[in-house]
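Please have the sequence and the model at hand while reading.

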Amino acid sequence: MKDLSFSVQFFKDVWHLTKSYWQSEEKKKAFLLLGCIIALTLGIVYMLVQLNAWNNRFYTALQDYKTDKIFDELLNFSMLAAAYIIMAVYSYYLQQTLILNWRRWLTERFLGTWLNNRTYYQLQMFGEDTDNPDQRISEDVRMFVEMTLNFSIGILRSMCTLISFVFILYNLSGAISFTFLGREWTINGYMFWTALGYSIIGTYITHLVGRKLVQLNFIQQRYEADFRFSMIRLRENAESVAFYKGESHEQQVFSSRFKLLLDNFWRLISKQKQLIWLNSGYSQIAIIFPFVVAMNRYLAREITLGGLMQVSSAFSNVQTALSYFADMYANIAQWQAVVIRLTFFEHHVQEVAVDTEQFYLTRIMDGDKVAADNMQVDLPDGSPLLENMDFVFSPGNNVLIKGVSGSGKSTLLRAISGIWPYVKGKLSIPDSSQLMFIPQKPYLPLGSLRAALLYPGNRPLEDAELVQLMDLCHIGYLKEKLDVVADWGQVLSVGEQQRLAFVRAHIQSPEWLFLDEATSALDEETEADMYTLAAQRLKDTTIVSVGHRSTLNRFHRLQLYLNRDTHSVKMTPVIGE
């Protein structure tokens, strides 16, 4: 992470993140909104020019005690102010509309990229360099869209203001003559050159003081997200922590992360305090500075009071336009940090995809069997977990995968499902629509119990049949809560969740059902009921189970044993069959 700098690469990153929306299917609507915003921005600048001219007329009338003229100008001001207010309100409204449309589109794009090809899983399991993707998609996308549009419109307004007022200020300020080094010097439009010099000096000093803000903002966003994530983790695992009485340890984790957050925040405050000192002094001096510089012409009666006020207003507008970057420095630093985070996230998603493609597994769609041919499953560090695997799972022959802990049973199922990238060789497998995988702890989405039972929701079911399946899977006592919305992953025990997963299996009726210790939390009698029910109702389904209990043997015909020491597998008939 570097200091604030506007390198070519930074602008390339901004353009890369920006262009997708402006080249999308919504581009016509986006450009229409942008055109209206630009028109209103130009209108606002025009009103500022008119108000500047009004300053001269009004204060000159005050100086000359022209009562009628004073009241006429007050009426003119009312009309100018009303027009300015209308333009400002609709400019804000249209900007927010464009921001919402852009944010919605970009968020959907990032969500699609994150979810596509199970990238979210790859990042969680193997993407060590990407922290808090949820924050990138929610918070960073919002900040990027808001800041990019606001800065773009702000720069446009500053440029238009500068162009509009620079000639006014140049012509109004006249010339100043002075003697220096024994020579007479005359500077035409000296007020403009004064404003330019004042702004350049102020911007440069601001950069020297605030250039560390990018790094501090980048780190602060990460610490904030880490602290929030640690509390989410406690909430998701509240029961386990309570059983272990791990509150003191969790408190230490929270305190440690919060201390990092606070320490960096204090550094951020200290740096921003220096900027506030500088910007406050800079802006306050700018109020009186034009009067000091132009006072000699007023006292020499070269300009009227109205002329002096017009010069002051023009100077203020020119100085504000030239000082845009100085005034917005802290926000620009935050914007650059957001751009870096989003760009890094997008690049890392692509890197994970490339890394995944480096492992070559030939997957052949075969609707009849699951067969491995010289297949090898590796660990992320490249070391082999299972080697030279040759096996065939035939329809109707239930298979029990066994082996000591750490031998790779669950990882083999991940490889078969396609979510484990470190695989080589050849695998023949039916179409994914015919497969269903049930992990040891099933996922229950937020929402109603009905939604959790029907997840992923691609096969609707009548209530009567759903209740019947719940009764058969020993969770019929929950039928009155079908439409209750709750965090069911926290409400239900693991055993209840595993029985709920069997309801899903009966709803989906897959041709191949892979169970990764899916009955580990059930007693042996209930486990037997689940397998017996599956044999009765899912007659065309072949079951492949991972498990340790010998009670599973009678529900399977073949056993695939994984040897952790030799990294090999061996298919044999189940003992007792």
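## Cysteines

A disulfide is taken here as a pair of cysteine sulfur atoms within 2.5 Å, and a search of the whole structure by that criterion finds zero disulfides. The model is a predicted one, in which local features need pLDDT of at least 70 and side-chain atom pairs count only at pLDDT 80 or more, whereas totals for chains, interfaces and linings use all residues. Residues are numbered from 1 along each chain as its sequence is written, and side-chain values use heavy atoms, with hydrogens and water left out.

Relative accessible area sorts residues into buried (under 20%), exposed (over 50%) and partly exposed (in between), using a 1.4 Å probe and protein chains only. On this scale Cys36, at 34%, is partly exposed, whereas Cys473 is buried, with a relative accessible area of 0%.

## Ala39 in helix α2

Helices are DSSP runs of H or I with at least four residues, strands are runs of E with at least two, and both are numbered from the N terminus. Ala39 has its place in helix α2, which covers residues 27–63, and it is partly exposed, with a relative accessible area of 46%. Although Ala39 and Ser91 are 52 residues apart along the chain, their C-alpha atoms are separated by 8.9 Å.

## Salt bridges

A salt bridge is counted where a side-chain nitrogen of Lys or Arg lies within 4 Å of a carboxyl oxygen of Asp or Glu, and by this rule the count comes to 11 salt bridges. One of them joins the side chains of Glu73 and Arg57, with 3.2 Å from N to O. This pair links distant parts of the chain, since Glu73 is in helix α3 (residues 67–115) and Arg57 in helix α2, 16 residues apart. Glu73 is buried at 2% relative accessibility, while Arg57 is partly exposed at 32%.

Glu73 also meets Lys69 in a salt bridge, at 3.3 Å from N to O. Because Lys69 and Glu73 are four residues apart in helix α3, they are separated by about one helical turn; Lys69 counts as partly exposed, at 34% relative accessibility. A further salt bridge is that of Asp463 and Arg450, at 2.4 Å from N to O. Here, too, distant parts of the chain are linked, with Asp463 in helix α15 (residues 463–472) and Arg450 in helix α14 (residues 449–454), 13 residues apart. Asp463 is partly exposed, with a relative accessible area of 38%, and Arg450 is buried, with 18%. Through salt bridges that share partners, Arg57, Lys69 and Glu73 are joined into one network.

## Aromatic pairs

A pair of aromatic rings is described by the distance of the centres and the angle of the planes. Rings of Phe, Tyr and Trp (the six-membered ring of Trp) are paired if their centres lie within 6.5 Å, and the planes count as stacked under 30 degrees apart, as edge-to-face over 60 degrees, and as tilted for the rest. A search of the whole structure finds 21 aromatic pairs, one of which is the tilted pair of Phe227 and Phe258, 5.0 Å centre to centre with 40° between the planes. Phe227 lies in helix α7 (residues 213–236) and Phe258 in helix α9 (residues 247–299), so the pair ties together parts that are 31 residues apart in sequence. Phe227 counts as buried at 16% relative accessibility, whereas Phe258 is partly exposed at 34%.

Phe502 and Tyr531 form an edge-to-face pair, 6.4 Å centre to centre with 65° between the planes. This pair links distant parts of the chain, with Phe502 in helix α17 (residues 494–508) and Tyr531 in helix α18 (residues 524–537), 29 residues apart. Phe502 is buried, with a relative accessible area of 1%, and Tyr531 also counts as buried, at 4%.

## An aromatic cluster and a charge over a ring

Tyr21, Trp22, Phe31, Trp102, Trp105 and Phe144 form one aromatic cluster. A charge is said to sit over a ring if NZ of Lys or CZ of Arg is within 6 Å of the ring centre and within 35 degrees of the ring normal. The charged end of Arg109 sits in this way over the ring of Phe110, 5.5 Å from its centre.
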